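Dear colleague,

Please read them beside the coordinates.

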Amino acid sequence: MENENSAVKAPIEGIEKKATEELIEKTLELYPEKARKKREPHMSANDPGVEGCTVKSNRKTVPGVMSARGCAYAGAKGVVWGPIRDMAHISHGPVGCGYYSWGTRRNLVDGHQGVDVFSAMQFTSDFQEKDVVYGGDKKLAKICEEVKELFPLAKGISVLSECPVGLIGDDINAVAKKSSKDLDLPVIPCNCEGFRGVSQSLGHHISNDSIRDYVIGTREFADEPTDYDIALIGDYNIGGDAWASKKILDELGLNVKAIWTGDGQIEHIAATHQVKLNLIHCYRSMNYMAKVMEEKWGIPWMEFNFFGPTKIAASLRAIAARFDQKIQDNAEKIIAKYTPKMQAIVDEYRPRLEGKRAMLFVGGLRPRHTIGAYEDLGLEIVGTGYEFAHNDDYDRTYEEMAKGTLIFDDASEIELETWAKEMKVDLVGSGVKEKYVFQKAGIPFRQMHSWDYSGPYHGYEGFPIFARDIDMAINSPTWGLVKAPF
Amino acid sequence: MSEECAVKKVTDITPEEVARVEEWINTEEYCEKNLAREAVVINPAHACQPLGAELVAHGFEGTLPFVHGSQGCASYYRSALTRHFREPAAAVADSMTEDGAVFGGQNNLHEGLENALKLYKPKMMAIFTSCMPEIIGDDLNAFIINARNAGIVPQDYPIPYANTPSFNGTHINGYDSMLKSVVSYLATDKKVEGKDNGKLNLIPGFDANTGNYREYKRICEEFGIPVNLLADISETFDSPLDGTYRTYPGGTPLEDAADSLNAHATLSMQLHATKETIKWFKSETEAPVEVMPSPIGVANTDAFLMKLSELFGKEVPASLKAERGRLVDAMTDAHQYLHNKKFAIWGDPDFLAGMISFLLEMGAKPYHVICSRGNKKVAKYLQALLDESVYGEGCKLWMNKDLWHLRSLVMTDPVDGLIGSTHGKFIARDANIPHIRLGFPILDRVNLHRVPYIGYQGTMNILTSVANTMLEEVDRTSDDAFFEMMR
């Protein structure tokens with residue numbers, strides 16, 4: 001998908017490389033010398049036509065700044081494991097990590113909580129001092145027994161270790177192995193202590209490792225395989241995103257056999273090795289797994305983008321090209337069917353949004369994937385960046401952005417504030433911690449991790465909601481009240 | 001595992017199985033099993049220490065909360081507070097990672113102090129720990145002295161710190177440790193023999209309702225008592241939107257905190273939440289230092305006002321007497337809707353104590369009281385409150401139980417209403433029982449953190465909300481014949 005945009009973007013009026021570089025200089029002046037040196041490689045003015053821009057990523061956060069980043073546990077519990085609906089996910093360690101991540105990433109699930117789904121519940125071993133002193137392994141084994149007894153329809157248990165578990169040297173892997181055998185239930189250890197790595201990203205990786213080692217290949221689908229069997233990888237069903245994506249793929253004539261991991265079912269995930277193609281939405285959190293499945297089971301994979309009609313159409317054609325004429329015809333039919341509907345949305349909202357400037361700072365995918373949807377509505381993205389991306393994410397970003405726009409990694413709050421102000425943006429799209437900082441300054445904001453409690457934003461179902469939300473954010477009459485008349 | 005196990009077919013759970021378990025988890029048998037569990041905690045009503053510590057730090061003028069530990073922890077506390085208040089929570093972490101775990105966190109701390117000082121220009125940094133440095137045994141005191149000696153921070157720059165291990169106690173303990181640390185840091189050696197600044201040090205305790213803080217200040221103002229509210233988050237987490245973002249929009253002035261040993265008196269409004277802080281005040285000053293139950297309900301508010309009156313030699317002002325009268329009028333008007341109604345409540349010990357007191361005053365029953373972390377002393381106190389009233393008869397106190405326990409309890413022994421944080425909403429839905437949101441956190445309704453629930457006015461707010469919810473329920477569930485205009 002990404003190469004389709006290799007043509008250099010049209011320049012944005014008033015955005016020039018030199019001015020952006022001066023802005024970066026000015027921002028770096030805020031820091032003491034040592035921190036300045038550390039931050040300097042993480043921001044750049046985009047110049048895709050020349051040699052791409054170089055933004056360093058996946059480095060330690062500078063101590064003492066307000067970073068938006070989380071930790072490995074957050075990546076494991078909040079992103080990869082948490083959305084799997086039919087397992088009990090144990091936050092193993094003190095109460096806090098599980099408590100704060102409880103129900104806050106909006107990976108919706110279908111089913112009855114506590115009966116056949118458990119995603120909106122918080123299971124914790126609630127470590128006390130004695131658990132730290134004597135170790136929590138025995139307690140963990142007991143927890144697994146209790147979960148099995150109280151939740152007989154749970155299809156498995158994941159054990160997500162918090163910092164103290166790794167530091168005191170508990171062996172959750174051994175406990176999981178034994179419990180799994182004793183209870184005849186998959187009990188999967190995930191050594192995702194928060195101190196590991198520099199961000200959530202390592203948590204995704206560790207989770208993928210645990211899925212690779214303990215899950216995948218342990219089940220087979222009951223029905224006969226077809227040539228149209230696919231898996232939807234890296235859709236976490238935020239606000240119903242995966243459901244919206246699945247609708248299009250169903251309409252295309254493909255069988256979505258497993259979703260990783262939004263509204264996910266562990267046995268379906270375990271049988272993913274039988275599909276014919278992996279479609280990957282969140283590249284950052286799941287590319288590794290797509291590669292593993294390609295190497296081990298020969299499953300090809302491709303990226304796609306279901307944000308906004310332009311990208312959806314391009315993605316549909318690219319996906320269909322992997323299949324036969326029937327699917328390709330279906331793709332054209334779908335595009336023809338939805339184009340007028342999407343055009344009506346654009347016609348309604350674009351006049352109010354044309355030329356508005358937005359700045360994005362989200363996790364590991366949306367800072368580039370959503371750009372097309374904003375552009376469909378006439379907005380210009382003047383700056384974009386990631387909390388926890390890697391080099392390959394930036395490589396994919398440069399060509400999505402106009403020359404001279406700002407690209408940044410692990411931005412601190414003070415940097416974002418400076419840039420939003422200096423670049424006179426009309427909208428910031430970022431996380432909950434950033435939201436009210438900008439709103440106090442009178443700058444419209446959308447929370448783009450959770451769709452600000454709206455959604456879905458994926459697919460044809462999502463775009464009208466996205467358009468409404470962006471219009472609502474920027475054009476709310478409440479902004480006109482910010483300055484008192486006296 | 002893939003090598004060891006034979007590959008099985010995917011089996012989906014049948015609707016019959018779902019129906020069977022759906023029914024089973026509502027039974028006495030299940031309740032018994034659930035209450036018997038020893039190890040797993042499910043849907044707890046308590047958080048960890050550092051959250052409380054951060055709330056304190058936000059309550060002091062120009063103060064930057066500084067997490068010594070993993071950045072993920074800091075992100076979680078900030079998000080948790082932001083989600084509840086819908087306000088920014090400016091705090092930093094020194095982002096310790098694996099090498100910190102091996103070599104200790106001093107380098108991170110020092111670098112963090114230098115950067116935070118230059119970037120965010122705080123008047124004070126309040127440092128507290130998350131799990132990792134507690135387990136590896138970082139010596140904050142030494143690290144801070146070293147930072148001063150190395151010129152990273154000026155010798156006289158205020159850096160109070162607290163050890164707040166998450167595997168010990170709850171957010172309440174973290175609140176206490178940080179508050180004691182901040183106040184003792186600022187006020188030690190500032191006591192002037194014979195000086196009485198005429199003020200009241202008022203300690204709200206872990207209280208995530210900005211309206212309550214304003215209400216404390218208003219009550220003291222009505223009395224004409226100058227109040228030094230310690231850890232005042234009312235502006236920090238309820239700042240105006242006027243087009244300017246301020247990193248530190250409010251907080252107790254540091255000078256006032258520094259002068260707190262010269263106060264006329266000190267009052268803590270939570271019996272169980274600020275023990276260490278109170279102990280410190282008692283050891284440092286001869287002025288009265290007292291602990292009161294949270295002023296929720298008439299009697300608790302009466303006690304608070306009489307204490308103010310006694311400590312400052314002032315009559316309870318007519319304006320507050322009139323408020324009391326209006327509240328009692330409202331309670332009498334509404335009592336028939338709450339009389340003998342059963343409620344389940346959950347939260348911190350002092351919140352529970354206040355709610356028990358209010359419900360009993362209304363002739364309602366605090367039927368299931370869930371305290372998800374507390375000791376024997378707390379249990380004894382709460383039980384004594386229940387025992388004081390005929391309406392407490394048959395009511396049950398559940399110590400160290402969680403919201404999954406509560407679900408079983410209301411399924412097998414139902415109540416008419418649930419009172420507590422957002423986390424109870426799944427129980428409300430499953431049991432089809434109305435849910436009045438009070439306490440922390442409230443994640444799914446707007447503005448409730450601005451509506452006070454202490455004092456006569458706050459009790460009126462609770463009453464309005466509880467009684468109208470019950471009336472709403474009558475309307476929602478009544479047959480056509482009983483769907484009446486008047487209630």
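Which element gives the most to the lining of the second largest cavity? That element is α4(B), with four residues.

Before the rest, the conventions: this is a predicted model, in which local features need pLDDT of at least 70 and side-chain atom pairs count only at pLDDT 80 or more, while totals for chains, interfaces and linings use all residues. Residues are numbered from 1 along each chain as its sequence is written, chains are lettered from A and ligands numbered from 1 in the order in which they are written, and side-chain values use heavy atoms, with hydrogens and water left out.

Cavities

A cavity is a set of points, on a 1 Å grid over the protein atoms alone, where a 1.4 Å probe fits but cannot get out, and lining residues have an atom within 4 Å of a point. Grid points are joined across faces, edges and corners, and a volume is the space filled by probe spheres set on the points. By this rule there are nine cavities of 30 Å³ or more.

The largest cavity holds about 690 Å³, and of the 43 residues that line it, Val79(A), Arg105(A), Gln200(A), Phe388(A) and His449(A) are the closest to its centre. Two or more lining residues come from each of α3, α9 (200-214), β7 (229-235) and α19 of chain A and from α4 (71-85) of chain B; here helices (H or I, at least four residues) and strands (E, at least two) are DSSP runs, numbered from the N terminus. The largest share, five residues, is that of α4(B).

The second largest cavity has a volume of about 140 Å³. Among its 17 lining residues, those closest to the centre are Cys97(A), Cys73(B), Tyr76(B), Tyr77(B) and Cys131(B). Its lining divides into eleven nonpolar, five polar and one charged residue, where Ala, Val, Leu, Ile, Met, Phe, Trp, Tyr, Cys and Pro count as nonpolar, Asp, Glu, Lys and Arg as charged, and the others, Gly among them, as polar.

The largest pocket

A pocket is an open set of points with protein on both sides within 12 Å along at least five of seven lines. The largest pocket has a volume of about 1100 Å³, and of its 31 lining residues the closest to the centre are Gly103(A), Leu108(A), Ala120(A), Lys425(B) and Phe426(B). The largest share of this lining, four residues, comes from α18(B), and the lining as a whole divides into ten nonpolar, twelve polar and nine charged residues.

Strand β14 of chain A

In β14 (residues 427-430) of chain A, Leu427(A) and Gly429(A) point one way and Val428(A) and Ser430(A) the other, and all are buried, that is, under 20% relative accessible area with a 1.4 Å probe and protein chains only. Strands pair if DSSP finds at least two bridges between them. Three bridges join β14(A) to β11 (residues 357-362) of chain A, and these strands run parallel; Gly429(A) is the bridge partner of Leu360(A). Three bridges also join β14(A) to β15 (residues 445-447) of chain A, again in parallel, with Val428(A) and Phe445(A) as bridge partners. The chain crosses from β14(A) through α19(A) to β15(A) in a right-handed β-α-β crossover, right-handed meaning that, with the strands pointing away from the viewer, the path from the first strand over the helix to the second runs clockwise.

With best regards

Methods: Buried < 20%, exposed > 50% of the residue type's maximum accessible area, 1.4 Å probe, protein only.
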